Amino acid sequence: MKSISEFKMTINGQAVGTKDVLPVVNPATEEVITYVPNANENDLNAAVKAAKEAFPEWAAKRIEERSEFLSKLADAISVNREELGTLLTLEMGRPRAAAISEIDGACYWLREVAKQRLKREVLEETENHRVERYHTPLGVVGAIVPWNFPFALSIWKIAPALLTGNTIVVKPSPYTPLTALKIGEIASELLPPGVLNVVSGGDDLGRWLTEHPDVNKISFTGSSATGKKVMQSAARNLKRVTLELGGNDAAIVLPDADPKKVAKSLFWAAFRNSAQICVATKRMYVHEDIYDEVLAELVAYAEQVKVGDGMDPTTDMGPVQNKMQYEKVIGLIEDTKKIGARIVTGGHIEDKPGYFIPVTIVDNPPEDSRVVVEEAFGPVLPVLKYRDYEDVIARVNNTNYGLGGSVWGEDLELATAIADRLETGTVWINEVGVISPHYPFGGHKESGLGIEHSLDGLAEYTNSKTIMVNKKKNR
Ligand code: NAD
């Protein structure tokens with residue numbers, strides 16, 4: 001891998017720069033780390049053209065061959081895991097050990113997806129008639145990625161797209177383009193030119209990709225607001241879309257949960273990655289019998305968590321990734337103060353460089369307050385009191401989001417019965433955020449459209465094709 005100062009796009013297997021560049025800021029220091037290409041529409045057109053030209057040959061390869069490319073990509077990424085981990089901390093802010101585990105997780109993902117197969121099925125076989133169904137690739141996939149897991153989320157799209165025979169153009173977030181650009185650089189030494197292209201630039205680049213007539217599918221991860229725009233643009237040529245969008249996930253803590261035992265898991269369910277996870281617990285409903293104890297345990301745990309620069313090995317939680325998000329979270333904290341809700345820990349922003357926000361926990365704010373209703377995507381958590389199961393289920397479901405949620409307690413039958421009633425794509429019981437290449441993942445309501453991961457997710461990178469044969473002699 002070349003040095004940290006060189007960041008180029010990968011188009012048709014070539015390293016491509018642009019005259020115009022974008023700064024990339026370290027969220028822990030607010031200093032510019034480096035500059036990356038700022039692609040214009042011609043650059044995007046070149047990337048799509050390369051992907052379109054590479055498609056027939058790539059699609060014609062045997063799946064075993066494409067699968068081997070994914071495993072080789074995982075090997076090449078693994079060799080660079082330390083450097084990629086450092087880069088990820090510098091651009092994203094997360095503690096370096098967690099950043100390296102994102103790189104390792106992405107390699108695992110590539111290797112696991114490489115093993116997946118969509119089978120050719122015979123649906124009917126009689127003397128006179130045969131019906132077969134199989135999957136064909138779509139063509140060029142556009143992958144649009146947010147800033148919270150820039151490396152893993154790029155790989156989550158690259159692996160299934162390439163395995164199924166598509167070619168791809170990846171567009172990372174302008175806030176965190178560095179590690180995604182490195183994927184392009186590493187892949188250019190392994191893959192045929194044009195199969196995997198990575199372009200960097202602003203939000204316009206995402207729009208051009210979604211509007212491009214030669215792009216056949218968009219796999220988008222980001223906010224619900226942008227997801228709606230993506231769907232609108234994709235309608236122009238009826239592109240297939242998979243949308244993984246925002247969430248306002250609730251945790252429901254049952255009265256038989258042990259506050260002392262459960263507090264640490266509940267804490268990290270909400271605050272891992274500085275709470276910048278689509279499936280982070282963003283509202284925590286605790287039964288009134290144990291409410292005071294759970295709140296006290298959460299606060300005690302929070303107060304020994306160290307927030308700081310991710311490059312410091314003693315840091316538990318990094319900064320918020322960018323200024324826009326930092327100001328949004330501060331806005332929610334200010335609104336919480338304005339309405340007179342009690343902040344039990346945190347809430348005070350120090351005047352120093354870096355987008356640091358302390359762990360902030362709010363004691364039972366009104367159900368319609370902004371901190372409860374909006375997706376914070378940053379370290380402020382409302383803890384809410386409930387008495388009655390029907391009431392808490394209604395409160396939890398009273399949102400346009402439907403991504404995930406969790407139930408915590410000893411009575412697994414009760415927990416499962418409650419999980420059944422939550423209107424979300426995933427519900428975890430006594431855990432949160434377990435995501436696998438083999439389990440379907442997707443949002444209900446405005447949290448998404450379609451499925452990622454598992455064979456269902458893989459199938460979204462294909463067309464379904466049915467062939468029917470009339471075998472009768474006298475036709
Ligand atoms: P965002 O919607 O602002 O941006 C996401 C990506 O879309 C970026 O690459 C951006 O440049 C691009 N983009 C912006 N405008 C566009 C347009 N008009 N057309 C096409 N692309 C455009 O989201 P974000 O702030 O980067 O990420 C945070 C959001 O992502 C949160 O809401 C979070 O919940 C969500 N998210 C969801 C999942 C999931 O799997 N459901 C996972 C991670 C993050």
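Q: Why are α4 and α5 called roughly parallel to each other?
A: In this predicted model, the axes of α4 (residues 96–113) and α5 (residues 150–163) cross at roughly 10° and come within 9 Å. Angles under 35 degrees count as roughly parallel, over 145 as roughly antiparallel, 65 to 115 as roughly perpendicular and the rest as oblique. So α4 and α5 are roughly parallel. The axes are lines fitted to C-alpha atoms, for helices over the stretch in contact, with angles running from 0 to 180 degrees between N-to-C directions. Helices here are DSSP runs of H or I with at least four residues, strands are E runs of at least two, and both are numbered from the N terminus.

Q: Which residues make the contact between α4 and α5?
A: On the α4 side there are E102, I103, A106, W109, L110 and V113. On the α5 side you'll find P150, F151, A152, I155, W156, A159, P160 and L163. Contact means heavy atoms within 4.5 Å.

Q: What makes up the contact of α4 with α5, by class?
A: It has 13 nonpolar residues, no polar ones and one charged residue. Ala, Val, Leu, Ile, Met, Phe, Trp, Tyr, Cys and Pro count as nonpolar, Asp, Glu, Lys and Arg as charged, and the others, Gly among them, as polar.

Q: Before going on, what are the ground rules for numbering and confidence?
A: Residues are numbered from 1 along each chain as its sequence is written, and side-chain values use heavy atoms, with hydrogens and water left out. As this is a predicted model, local features need pLDDT of at least 70 and side-chain atom pairs count only at pLDDT 80 or more, while totals for chains, interfaces and linings use all residues.

Q: Why does T176 count as buried?
A: Buried means under 20% relative accessible area, exposed over 50%, and partly exposed in between (1.4 Å probe, protein chains only). T176 has 0% relative accessibility, so it counts as buried. T176 sits in the loop between β8 (167–171) and α6 (178–188). Leaving aside neighbours within four places in sequence, T176 is in contact with E91, M92, P146, W147, P150 and Q321.

Q: How do you know whether K217 is buried or exposed?
A: K217 has a relative accessible area of 0%, so it is buried. K217 is found in strand β10 (residues 217–221). Setting aside residues up to four places away in sequence, its contacts include L138, V140, K239 and Y461. A polar atom of the K217 side chain lies 3.0 Å from the backbone oxygen of E460.

Q: What makes the pairing of R395 with E367 a polar contact?
A: The two side chains are 3.0 Å apart at that contact. A polar contact is a pair of N or O atoms within 3.5 Å; within protein, one must be able to donate a hydrogen and the other to accept it, and residues adjacent in sequence count only if both atoms are side-chain atoms. Thus the pair of R395 and E367 qualifies.

Q: Which residues come nearest to the ligand?
A: Of the 29 residues around the ligand, D203, S223, T226, L245 and E375 come nearest. A residue is near a molecule or strand if one of its heavy atoms lies within 4 Å of it.

Q: Where do oxygen atoms of the ligand sit relative to W147 and K171?
A: A ligand oxygen is 3.0 Å from an N or O atom in the side chain of W147. For the side chain of K171, the distance from an N or O atom to a ligand oxygen is 2.9 Å. For V145, a backbone N or O atom lies 2.8 Å from an oxygen atom of the ligand.

Q: Why is N12 called partly exposed?
A: N12 has a relative accessible area of 36%, so it is partly exposed. N12 lies in the loop between β1 (9–11) and β2 (14–16), and has a positive phi of about 55° although it is not a glycine.
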